[in-house]
Amino acid sequence: MILKKRRIRILCLRIFIMAVLGTWAAVGCLVMPPGIVNAAQRETPSFKLPAYEKITLKNGLTVYLMEHHGVPLIYVSAVFPAGAVRDAGKSGLAYLTAETLLSGTKSYRKKQIEERLELLGVKYYAYADIESAGISMSFINTDQDKVFPLLKEVFQDAVFDPAEFEKRKKRLLLELVQEKEQPSMVIGAYFNKFVFGSHGYGKPIYGTRASVKKIKSIDAKAFYNAHYRPEESVLVIVGDFQTARMKKKVQELFEAWRSKKKPPPLERIPLPAFDKSRVLLVNKSDATETQFAFGALGIPRNHPDYVAVQVVNTVLGGRFTSWLNDELRVNAGLTYGAGSSFNTYRDSGIFIISSFTSTDTTVKAIDLALDVLNRLHTEGVDQETLTSARNYLIGQFPPLYETPGSRASLLAAMFIYGFDESFVNDFQKNVENVTVEEARKIIAKHFLEDSLQFVLIGKAAAIRDQVRKYGELSEKDIKSDGF
Amino acid sequence: MKRFVLILLAICLLAGASPICAMPATEDVHTFTLKNGMKILVLEDHAIPNVTLQIFFKVGSRNEYPGITGLSHFLEHMMFNGAKKYGPKMFDRVLENAGGSSNAYTTENVTTYQDWVPESALELIFEMEADRMGSLALDEKIVESERGVVLSEYTTGYENSDYELLDDQLRSVAYQTHPYRWPVIGYESDIRNWKRRDIKDYFDRYYAPNNAIAVVVGDVTLAQVKTLAEKYLEPIPSRAPPRAVHTREPEQRGEKRLFVHKDVSSPHILIVYHVPETGTADYYALDLLSAILSQGKSSRLYSALISDKPLATEISTYMPNALDPTLFYVYAVCADGVSVKTLEKAILREIDNVVAKGVTGTEIQKAQNNVVASFYRSLETMSNKADMIGTYEIFFGGYQKLFTAPEVYRKVTAMDIKTVAAKYFKKTNRTVGVLEKSEGK
């Protein structure tokens, strides 16, 4: 067993955890050895994204190619507009479709796919998150001609064999019960549902038992036909290859792929608005601790304030010395970790503060976290603290895009969320541009402290009466289906 | 098997053709030893303007005894809570202000401190690491608040992981004498009761430069690192080497069984076998066997117990890095409606099958190919490179072994795998643990 001192649990529902999300936050630094102050600003050369080529095939498929010659590997990341927001009443369908995408094509059976890829040491997985679904792979570059033809079939001719589908579905039905036994795994799903309600972003990615039971392999096939289509998808290849040759190969392999069907229009449900605080108390009768999360609507990924929000969030709850972790963990010893983050989607996002503590210190910990948020509004961020947070973000930025895999994810995210390499290339400049005054505006605008929404998972009988004070109380039992 | 030769050839060609090839080799790692006995390993890597420093202390829960279990991990926490120059909270504040971050982990065998910084903060981390290594404060008040943090870590671990609960209980049964029998986090009663004096004694005994190694990977030069190591780390005096862990686990004399009650939806089963420590002759065959059993969907256990017949929802095998003889783990969770008895039987049937008939050439090739691919993946980041260099230096008898590992794995034969399976996967050498709602009648 390995115990880590400082890994903080930050709620994040998405696969593409962008850049600085899920990191940490800071209190001002006072005593600095001479010559080291602001070293990060002074010397570190600005980090630029290496060159890449973006092309659009005749069928509308967008392709990004980026060479990366450190190790003889190739990373492929394909992303389709086929996430849980498209479930259309069949919660879990996007996930089950992705999960069974690799379980057979026109010319390869499930076992053949697995044996072929695994014999070559290929690492591969398919996934679905809220807005998209995808396949990610990495393999040794000399094996590309054994891997790409198979991938081509997965894009165009997956079969969704009913027997294989039922097996996976049966396991999912049990996993939906099992995941409730780990509160830290499910609090994000409760929170998104509680905040977004019937909007697509409130949909549980893995579905509910009631909804999953009704899904059949033909539903997955229909979902695949409608949503796995070249026009709105992206294929990213990063690694040890030559661009000109890879371009030709990609055209030969993927240009003939045609969408089979027009997708149904995406349900447009308005985003919620809150005029009062609400509390969802999820009872876990054998709990010895309470997991809690509270927050409000946040910002979409391509919001112009995105970087400035990260700078302020670094102070509040984005790093080890963040105010939240400093108060709840370091000063009070109430928890192993506390933090905050902005989870961003295409059209919206959430601002969330989260931690966990013993049942009997639940209110103490939540009150303290609320005090910290309030302090952000009343005191703002001083110059020293701001400088430290900026240095931190800039210094920790290059390792986020060090590997071909992380660069592939970045390029895919650029396509999905509509931003470009200036995010990387201007990152340092944009971080440095956040002034004390700008931070004050950002706090008022995005770090909402009114009408907060709370989700608590813990022993309801022990904390019910005390947590009423946070807002209008409703309750669920963790063993009930869904969120 | 030919794949290996081809791949290695391909790497050399690439290295020759491409000036920015970052694929390191043995000779790229430079080492030197300070006068106080601390060994420093350096790999220059200029891919990004950052650097990582990772210090491995050769101390973990195997060095503890009842009464102070969990102290290695607690000391790891206290290392962030103030030293002579950089007082309480200063380590993190100063580091983060300079654009750096840090973490640390404790296992049964080692305690490791990791700093990730822009290259401009290289001198700072040497200074701060030397400060806490040479003169840790151990403030009485902070010991108390940090005790609360660790108790929260203790609670949240068991609250959120049935595996952790089962593993910790099972090791207390599988081991009769060896310190691997208690959890790294320690017994709750020990966490609540150790004193500052215990921590100070422990620090003095184990946090000596001659009981540690430092690995530096990143946008630096050997000369730079040497100057800083001599300036900051060399003045720390060496100490008498700590007493070796001499307790040896006696041979097990028959199957042991454990039952843990917990209100879970599906039973969990953990089967362990005693095996030798990391890096010994049988290690490589056992490691490949672990991959053959559970790595990927085409592995033996996954295909038999999940793909073909729905008996389990998850299955894994695992062998931790260990300085002393350790355990080979097989872990599974029952599928809906499947009894733990049925699952246990099915797992043991697969294992007995390997013992009786061995594995195929294709299975070995697949496992070896995965070793090569994982080797490349493990060298993608500065942080992973530092981790691998340190891990091989400590557990495998030298960082050089990292670069020859693919070759060693390549030499493992089907007969070797059959032999180790027969040698270790015996009923008398096994402990079986079940975590379930009710024990039944």
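Helix 12 (residues 340–357) of chain B lies across strand 8 (268–275), strand 9, strand 10 and strand 11 (430–436) of chain B, and it runs at about 130° to strand 10 of chain B. Helices here are DSSP runs of H or I with at least four residues, strands are E runs of at least two, and both are numbered from the N terminus. Angles go from 0 to 180 degrees between N-to-C directions, with axes being lines fitted to C-alpha atoms, for helices over the stretch in contact. Contact means that C-beta atoms, placed from the backbone, lie within 7 Å.

A word on the model: it is predicted, with local features needing pLDDT of at least 70 and side-chain atom pairs counting only at pLDDT 80 or more, while totals for chains, interfaces and linings use all residues. Residues are numbered from 1 along each chain as its sequence is written, and chains are lettered from A and ligands numbered from 1 in the order in which they are written.

In chain B, five strands form an open sheet in the order 7-11-8-10-9, with mixed pairing; two strands pair if DSSP finds at least two bridges between them. Strand 7 (256–261) and strand 9 (312–318) of chain B are the edges, each pairing on one side only. On average, neighbouring strands of this sheet are turned by 15° against each other, direction ignored. Strand 9 of chain B runs antiparallel to strand 10 (residues 326–334) of chain B, joined by six bridges. One to look up: B:Glu314 has B:Val333 of strand 10 as its bridge partner.

Zooming out, chain B has 16 helices and eleven strands. Its radius of gyration (over C-alpha atoms) is 23 Å, close to the 22 Å that the globule rule gives for 441 residues, so chain B is as compact as a globular protein of that length; the rule is 2.2 Å times the number of residues to the power 0.38. Buried residues make up 50% of chain B, buried meaning 20 or more other C-beta atoms within 10 Å of a residue's own, again placed from the backbone.

Now hop over to chain A. Its helix 14 (residues 404–417) is mostly covered, with twelve of its 14 residues buried, among them A:Arg407 and A:Phe415. The cover includes strand 3 (62–67), strand 4 (73–80), strand 6 (133–140) and strand 7 (234–239) of chain A.

Finally, the two chains meet: 75 residues of chain A are in contact with 80 residues of chain B. Helix 5 (residues 162–178) of chain A gives the largest share of chain A's side, eight residues.
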